[in-house]
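Open the model in your viewer and get your selection tool ready. We will take it one stop at a time.

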Amino acid sequence: MNHAAQYWHRLADGRIQCDLCPRYCKLHENQRGACFVRMREADAMVLTTYGRSSGFCIDPIEKKPLNHFYPGSSVFSFGTAGCNLACKFCQNWDISKSRDMDRLMDAASPDEIAATAAAHGCTSVAFTYNDPVIFAEYAIDVAAACHRRDIRTVAVTAGYITELARGDFFSCMDAANVDLKAFTDDFYVQLCGAHLQPVLDTLVWLHHETQVWVELTTLLIPGRNDSDAEIKAMSRWVHDEMGAEVPLHFTAFHPDFKLDDLPPTPPQTLTRARQLALDAGLKHVYTGNVHDLEGGRTRCTQCNEVLIERDWYDILAYRLTSKGECPSCHAPLAGRFGEFAGTFGPRRISVPIHRQPA
């Protein structure tokens, strides 16, 4: 059943305009937006994927990736279908680009999602696999149900959202990994069907106006966004606008979707990008989708001691205090921490929803 949507208004020419993301889709009756899941129906906007998911899994929090948000903990992960970007390199294209609503086989109310996450001992729930911005009403309701059970919430997003909607959406998120796809508008226009500036606006707003813990991810694509000049410019911007301690993850591209003719990202590209970002003054720079022990280490910014040792998504050593401080020099580490209960490990577990009695 379709769900009444927010963030839209009527236009003088009879169409209605979606105000959720910077695409500002203008719709006639029964027409869908670019995301495919927001539609005009009976002279109003509806969300067609409310309460429906492409599946539910438990992941390590490091897989989002979040390295400074309750490391080692488990996160209940789900998404829906559709996306408001059109990335030609999408790594989850079978979900995010789906136009087949039958893919959404798992129905779940917000309370059922929160109850299932609690039953499995998950520290948090992540809205992921496709961009949660497009199912904002569902995500907001799920987040409220999670917070009633003291479960934290995580948005894995491209940050392509309007000033009108971002306050409501992020006010119920405890953490976000924002995909900063590149640092040129040409890349966003040609490969994502979007623009860079709205993403930068979201990032600056998140850092200065909210308490959301933010980490950034950039998928480095050979020949597209991996030049020294672009990586240096991005790193300087992150340092100047968001601070030296915002974690930045450089991850490896593998050929997929419409860019399956490109080679995978060489590991040395990630190593080079990491060093360029460190040279720009960033304190926490990581590599992903490759085996790189140094690129997974979290170090104290004061004494350089290794505080967290990782091998892929597995934590080999954890030396932080429960307050998130270095045990040697007592300097605080930026992030959100608590008592370390051991590592969840690298596995992903598919789980069924705990159905509530009718």
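This tour of a predicted model goes from domains to cores to a pair of helices.

**Stop 1: the domains.** Select residues 3-47. This is domain 1 in the domain assignment. Now select residues 52-350, which the assignment gives as domain 2. How far apart are the centres of domain 1 and domain 2? Taken over C-alpha atoms, 28 Å separate them. The two domains also touch: domain 1 puts 18 residues into the contact, and domain 2 puts in 25 residues.

**Stop 2: the largest nonpolar core.** In soluble globular proteins, nonpolar side chains tend to be buried together. Here, the largest nonpolar core has 93 residues. Select Phe76, Phe78, Phe89, Ile113, Val125 and Phe250, the residues with the most contacts inside this core. Which helix gives the most to the core? Select residues 136-148: this is helix H3, and seven of its residues belong to the core. Both domains take part, as the core draws at least three residues from each of domain 1 and domain 2.

**Stop 3: another core.** Select Leu66, Val75, Ala175 and Ala334. They are among the eleven residues of another core, which lies apart from the largest one.

**Stop 4: two helices.** The crossing of H2 past H3 is right-handed. Which residues make the contact? On H2, select Pro110, Asp111, Ile113 and Ala114. On H3, select Tyr138, Asp141, Val142, Ala145, Cys146 and Arg148.

Note on methods. Residues are numbered from 1 along each chain as its sequence is written. This is a predicted model: local features need pLDDT of at least 70, side-chain atom pairs count only at pLDDT 80 or more; totals for chains, interfaces and linings use all residues. Side-chain values use heavy atoms; hydrogens and water are left out. A nonpolar core is a set of buried Ala, Val, Leu, Ile, Met, Phe, Trp, Tyr and Cys residues joined through side-chain atoms within 4.5 Å. Buried means under 20% relative accessible area, exposed over 50%, partly exposed in between (1.4 Å probe, protein chains only). Helices (H or I, at least four residues) and strands (E, at least two) are DSSP runs, numbered from the N terminus. Domain bounds come from an automatic or database domain assignment. A crossing is left-handed if the near helix is turned anticlockwise from the far one by less than a right angle, and right-handed if clockwise. Contact means heavy atoms within 4.5 Å.
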